[in-house]
Amino acid sequence: MSRTALRICPLCEATCGLTLTIEEGRVTRARGDGADVFSHGFICPKGASFGQLDADPDRLRRPLVRRGGRLEPAGWDEAFAAVEAGLRPLTERYGPQAAAIFLGNPNVHTMAGGLYPPLLLGALGTRNVFTASTLDQMPKHVSSGLLFGDANAIPVPDLDRTDHLLIIGANPLDSGGSLCTAPDFPGRLRALRRRGGRLTVVDPRRTRTAEAADRHLAIRPGTDALLLFAVVQVLFAEDLVAPERDGEPVTGADEVRRLAADFPPEAVAAVCDVPAEEIRTLARELAAAPRAVVYGRIGSTTVEFGTLTSWLVDVVNTLTGNLDQPGGAMFPLSATGRAPRPPRPGKGFALGRWRSRVSGHPEAKGELPAAALAEEIETPGEEQVRALIVIAGNPVLSAPDGDRLDRALAGLDFMVSVDPYLNETSRHAHVVLPPPPPSQSPHFDFAFNTLAVRNQVRYSRPAVPLDADRLSESEILARLVLCAGGHGGADPAAVDAMAIDAALGKAVADPGSPVYGRDRGELAAHLTGVGGDERRLDMMLRLGPYGDGFGAEPDGLTLAKVLAHPHGIDLGPLRPQLPGLLRTRSGTVELCPEPMVGEVERLRRALGGRADGLLLLVGRRHLRSNNSWMHNIPALVGGSNRCTLQLHPEDAARLGVADGGLVRVKGDGGELEAPVEVTDAVRTGVVSLPHGWGHNRPGTRMSVAAAHAGVNVNQLMDGSRLDPLSGTAVLNGCPVQLTVVAPAD
């Protein structure tokens, strides 16, 4: 007998609602939830494959513990005893900096991943924090921190009300959207066109998104900052800057005008490969549109000037009058976020509060560059990293120079991985702790609701009961927190209880909180939920911007109210948040922060010319892929989702290679061989390899991925190219050399 259950899809940032068909405890079908308040029935191939991913036979069911050099099945108590026995002696002998943590991308796709890593960091006491952010979006965090005083205050395009959308280095028709949570991105772009709006795409590839655009500018990779600065120069030079609104909290525009003077379209056109008149037209159209917005993503962040480009995106949004305005770049208000407060100056945002031990890289948002992890493990000396905890990450494939990191991981004194697979990274662990499949896990989008193009709240309880031989991800991480603190035998419920007590203690001491002055024990007694994670969610909802304030707002949100609306609660369109959101020292949008001035000096040197004759490497996304963690699902590999080197016909002819041929690609960090796909979807002078492949290392247990191994594009980088402010690895716009191995099959 079958039944259905609702579930929010955890497989990309779109967070679509699903209706699962369940037979005998297994998901046999997934379709879009037509009543979902946010996605309205939309589904992509990843969501449709939910059942295959959930029941993947290669998923680990039991912990693995290394004995005699081999990873062997173990019980949960034995596994956590091994964690404490391996971790604590190292941190006690060498200090907290002997431990490091790496958090992978899937952490933000799970409820537990949003709740427990901060507690684990507190228990470890280490500054050696590495995440996928410095391989992806950290430049946007840094630019937002400098502009708004809060690195997590990231404005998103108000897709449903804009008249002109400019997309730079993003392909949301394949990615599903990123730093812009928007189910059914294709439908939203069609709606833009129906209401007479305009879509412009800046990308060196003719992506599916570019094909849908009114104008596609095939820019030279890595030069987006020059293009945007030229747009800024035109806005000032032609008096197209929007009039200042009464009380508008923006300072620094005159300084930006001065900096932009050196970047007229004629000065940047030859470097960008975008004609000067095209740049002028773009600036004029953005200024003339009633509502316009610029949106940049990974093609504009994982480049040499990633932070500068991210800053310029919002400089243009501000100068055209579209920051914090309907149809422009707006700030979502998550149901578990901070409740709005009266405007006031804040502490601001600081970079470089500490530096990495070996190369002296400055921290950004509390993190060090992922590209520096290998050297921190390899280099002897005080505070050398000897123990590593990896949660839902595979940096051997996602970080530069995976071969070096692979060797470094093999030399660790101790490593623990929280991962459902034995992959290229977790194969080095001394203990592997596998979380249950998605159908047996609750789901709440803590991160993605802060990036959603419409305010809403949805929560999914597990669709299938937890198997008797499994632990929930929340319990796994809570017990890991206890092990890190030397309390491995304690009740994991104590971790949630302490988190609740600390959060409520802070709230009752805050004069701006709805529970100011109340007894935190009395408040905790009001919380509902079947476990500590649900009780924490209930607390966050009650204290959030739409919450009931523990009775202060009877119609406000609680966990019980959200559970009573299984298709979600629509909280309305995005609405202006400034100046209350600002946490800069001045209490204004600081449009020209000092760190950016130094970066502009560096950008000015890029006007000196360009090195012709080099091929520049860019990545690409596919609708049926998400980094390295979906290549073990038969429905999502094969077909057009292949690891090929895309090459323009003119470049192919010059090299003497045809479609299906084989080339050797050489970069700063190494070389590899890849099959050629000749296509005019890439512009001349550009080659493209997808990210996340290279499943050919021994000791893994991912049979489908191994049969479709591909090559690891990040092996072509050695990690020396970083965006200096954010520490983000330069993964796009990297020069490579091609040598023909076989002209064609």
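Visitor: Which residues line the second largest cavity?
Guide: In this predicted model, the lining consists of Arg620, Arg621, His622, Ser625, Asn626, Asn627, Asn641, Pro690, His691 and Trp693.

Visitor: What makes them lining residues of a cavity?
Guide: A lining residue has an atom within 4 Å of a cavity point. A cavity is a set of points where a 1.4 Å probe fits but cannot get out. Arg620 and Trp693 are among the residues that line this cavity, so each has an atom within 4 Å of one of its points. The space inside is about 80 Å³.

Visitor: How do the residues of this lining divide by class?
Guide: Two are nonpolar, six polar and two charged. Arg counts as charged, so Arg620 and Arg621 belong to the charged class. Pro and Trp count as nonpolar, so Pro690 and Trp693 belong there.

Visitor: How many cavities of 30 Å³ or more are there?
Guide: The count is five.

Visitor: Now the helices. At what angle do α12 and α13 pack?
Guide: Helix α12 (residues 265-272) and helix α13 (residues 276-288) pack at about 115 degrees, with axes 8 Å apart. Their crossing is right-handed.

Visitor: What makes this a contact?
Guide: Contact means heavy atoms within 4.5 Å. Pro265, Glu266, Val268 and Ala269 of α12 make it with Ala276, Ile279 and Arg280 of α13. By class, that is five nonpolar, no polar and two charged residues. Glu and Arg count as charged, so Glu266 and Arg280 are the charged pair.

Visitor: Which residues does α10 bring to α13?
Guide: Leu227, Ala230, Val231, Val234 and Leu235 of α10. They meet Ile279, Arg280, Leu282, Ala283, Leu286 and Ala287 in α13. This contact has ten nonpolar residues, no polar and one charged.

Visitor: How do α10 and α13 cross, left-handed or right-handed?
Guide: Right-handed. Helix α10 (residues 224-237) packs on α13 at about 60 degrees, and the axes are 9 Å apart.

Definitions and conventions. Residues are numbered from 1 along each chain as its sequence is written. This is a predicted model: local features need pLDDT of at least 70, side-chain atom pairs count only at pLDDT 80 or more; totals for chains, interfaces and linings use all residues. Side-chain values use heavy atoms; hydrogens and water are left out. On a 1 Å grid over the protein atoms alone, a cavity is a set of points where a 1.4 Å probe fits but cannot get out, and a pocket is an open set with protein on both sides within 12 Å along at least five of seven lines; lining residues have an atom within 4 Å of a point. Grid points are joined across faces, edges and corners, and a volume is the space filled by probe spheres set on the points. Axes are lines fitted to C-alpha atoms, for helices over the stretch in contact, and angles run from 0 to 180 degrees between N-to-C directions. Helices (H or I, at least four residues) and strands (E, at least two) are DSSP runs, numbered from the N terminus. A crossing is left-handed if the near helix is turned anticlockwise from the far one by less than a right angle, and right-handed if clockwise.
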